[in-house]
Amino acid sequence: MRALVIDALARASGKRYATFDVVGVGPRLVAGLLIQLGIKTDLKTYEHVMENEEMIDNYDIVLISAMSSDREAVSKLAGKLSRYNVVKILGGPIGLEFYELLASMDIDLVIIGEAENQLIRLFTEFKKDVISKDFNALSEVKGLAYKAGNKIVFTGFSKYVSKDLLNKIKPYTLVDKSYEFYWARRFYVEVVRGCSNFRRPLLDLGFGRKCIKCLRCSSPKLHERLWCPRLIMPGCGFCSVPFLFGPPRSRNVHAIVNEVRELIRHGARRIVLSAPDFLDYARETLVPNELLTDPCYPRPNYHAIEYLLKKLHEIPEVYSGEVKIFIENIKACLVDEKIAEILGQYIKGTTIHIGLETASDKYNETVIGKPITLEHVVRAVELLTKYGLRPYVYLIYGLPYMDAKVYRKTIKTIPLLYEKGVEKITLYKFSPLPLTSFEFFKPQVSKYTSLIKKLKNVIIKHNLEAKKKLLGKTMKVYVVKVNHKLYGYPEEHGPVVFVKNDNRLPKDAKGALCKIVVTDIRPRYVYGNILEIIEVFK
Ligand code: SF4
């Protein structure tokens with residue numbers, strides 16, 4: 001049996017785009033697990049498979065990993081796969097839309113939520129049934145959906161993956177064989193699975209889901225927060241992570257460091273420690289007989305975080321600065337002087353993402369279900385900047401019940417955030433996701449068009465202002481040649497650089513590590529010229 005895992009994450013409609021350096025952890029996890037189960041497995045990118053369609057003939061099973069926004073790309077891929085005799089399995093965040101997917105595309109099986117438990121059973125107990133596409137026997141495997149005649153069968157949600165299993169799985173690391181431009185990409189390495197925010201929107205969400213203010217979701221008995229008598233989904237109203245992935249479970253230092261070492265051995269230069277909140281790392285061990293369902297208490301596990309970063313820093317390529325380590329997201333309420341100092345010691349100069357969503361504390365707490373205040377975020381930005389990190393902040397518009405007051409407060413706060421050290425604000429439009437509290441709400445934009453415009457403009461103005469600091473600056477970037485154009489990805493992350501003087505790169509080079517100077521700026525990217533070629537990649 002041979003399996004092919006296809007990384008279709010963030011491919012949207014399937015066209016190439018400038019910011020394609022992110023490599024999510026899902027496809028590597030699936031490929032690694034299949035190899036551990038004794039299945040010959042390759043991992044390739046969406047583009048590679050689309051351009052080399054005939055390779056599909058070499059496989060019996062194809063597993064696609066994609067997000068909800070990648071439906072068009074997946075549909076194109078499914079069209080190609082249908083010409084071959086392979087079992088087509090789809091997973092990743094897109095899996096939640098299994099009904100529409102199975103009804104509209106030629107896909108055999110959809111994996112819903114975490115994939116590990118299902119994959120282990122499918123490729124041990126049910127191998128023959130999978131290969132022969134005889135799915136009747138699979139009804140007892142939770143976390144799957146498939147077609148049975150005219151019907152679509154959903155087998156129910158699977159149990160959360162145990163910490164023990166998370167530590168046993170060795171994600172695939174042969175990235176030089178799978179990803180073009182592997183030397184430029186940011187490889188995500190999972191350090192924490194799950195989210196600690198089990199507060200909820202205290203609202204009437206319709207369909208009988210009206211909060212009765214029982215306050216169970218803020219109970220000091222942390223396990224009580226798991227379940228709401230009115231079946232309101234846990235966590236921020238727009239997010240499905242707490243429901244789908246459960247409370248945080250951290251991988252052990254040994255598993256993480258080994259994975260990073262292997263990735264480096266196969267050419268990776270930029271590693272992102274991935275977690276819904278990096279500061280949740282090993283925080284669950286501070287509530288040993290409980291489940292970590294409070295986003296702000298107890299305080300971070302300083303010792304564990306420092307130990308993990310120290311061990312990663314001991315890897316020679318990390319110590320020398322050749323390989324950069326980043327962290328992904330953090331919750332502002334966990335940032336204090338002590339943790340900012342630890343982060344500054346090991347990952348100074350890198351970016352760090354903080355979700356604020358809106359500047360109204362009351363709205364965030366009661367409508368979104370996120371007990372993190374503007375004061376928390378401002379303080380976090382100040383402290384992280386003080387210790388040399390580069391904070392990026394997320395905001396959202398179009399959320400349910402977001403009124404003029406919330407918009408005005410948020411608009412008013414933007415200058416303060418930049419004053420305290422924010423490098424960039426990213427504004428998202430609310431998009432309802434399955435299995436979230438806000439699943440059935442549409443983005444509310446028409447009533448507040450002028451305020452939304454004002455919010456966008458003030459963010460563009462300040463993002464541009466912040467980028468002005470980059471004008472004339474030199475930085476190291478990984479330059480990648482795509483369709484005769486050069487895109488630069490800053491070694492320590494930052495805006496994509498459109499490189500103009502491409503004649504300096506050898507003709508046969510795929511890219512290079514270069515020193516560039518920033519010559520012009522735009523709100524979302526910058527222009528630059530190559531000053532020096534440090535290393536060429538062919
Ligand atoms: S969201 Fe649910 S658990 Fe929380 S207070 Fe309301 S009814 Fe109680």
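This is a predicted model: local features need pLDDT of at least 70, side-chain atom pairs count only at pLDDT 80 or more; totals for chains, interfaces and linings use all residues.
**First stop: the ligand.** Select the ligand and display the residues around it, which are Arg 200, Leu 202, Cys 211, Ile 212, Lys 213, Cys 214, Leu 215, Arg 216, Cys 217, Cys 228, Pro 229 and Ile 232. Colouring this shell by class gives 9 nonpolar and 3 charged residues, with no polar ones. If cavities are drawn as well, the space that the ligand takes up is the largest cavity.

**Second stop: Asp 108.** Asp 108 counts as buried because its relative accessibility is 11%, under the 20% limit. Show its side chain, and follow it to the backbone nitrogen of Lys 88, which it reaches at 2.7 Å; the side chain of Asp 108 also makes a polar contact, at 3.2 Å, with the side chain of Lys 133. Beyond its neighbours within four places in sequence, the residues in contact with Asp 108 include Val 86, Val 87, Leu 102, Phe 135, Ala 145, Tyr 146 and Lys 147.

Finally, select helix 13 (residues 337–347) and pick out Ile 342 within it, a residue that is buried, with a relative accessible area of 6%. Leaving aside neighbours within four places in sequence, display Tyr 302, Ile 305, Glu 306 and Leu 309, with which Ile 342 is in contact.

Terms used
Residues are numbered from 1 along each chain as its sequence is written. Side-chain values use heavy atoms; hydrogens and water are left out. Buried means under 20% relative accessible area, exposed over 50%, partly exposed in between (1.4 Å probe, protein chains only). A polar contact is a pair of N or O atoms within 3.5 Å; within protein, one must be able to donate a hydrogen and the other to accept it, and residues adjacent in sequence count only if both atoms are side-chain atoms. Contact means heavy atoms within 4.5 Å. A residue is near a molecule or strand if one of its heavy atoms lies within 4 Å of it. On a 1 Å grid over the protein atoms alone, a cavity is a set of points where a 1.4 Å probe fits but cannot get out, and a pocket is an open set with protein on both sides within 12 Å along at least five of seven lines; lining residues have an atom within 4 Å of a point. A molecule sits in a cavity or pocket if more than half of its atoms lie within 2 Å of its grid points. Ala, Val, Leu, Ile, Met, Phe, Trp, Tyr, Cys and Pro count as nonpolar, Asp, Glu, Lys and Arg as charged, and the others, Gly among them, as polar. Helices (H or I, at least four residues) and strands (E, at least two) are DSSP runs, numbered from the N terminus.
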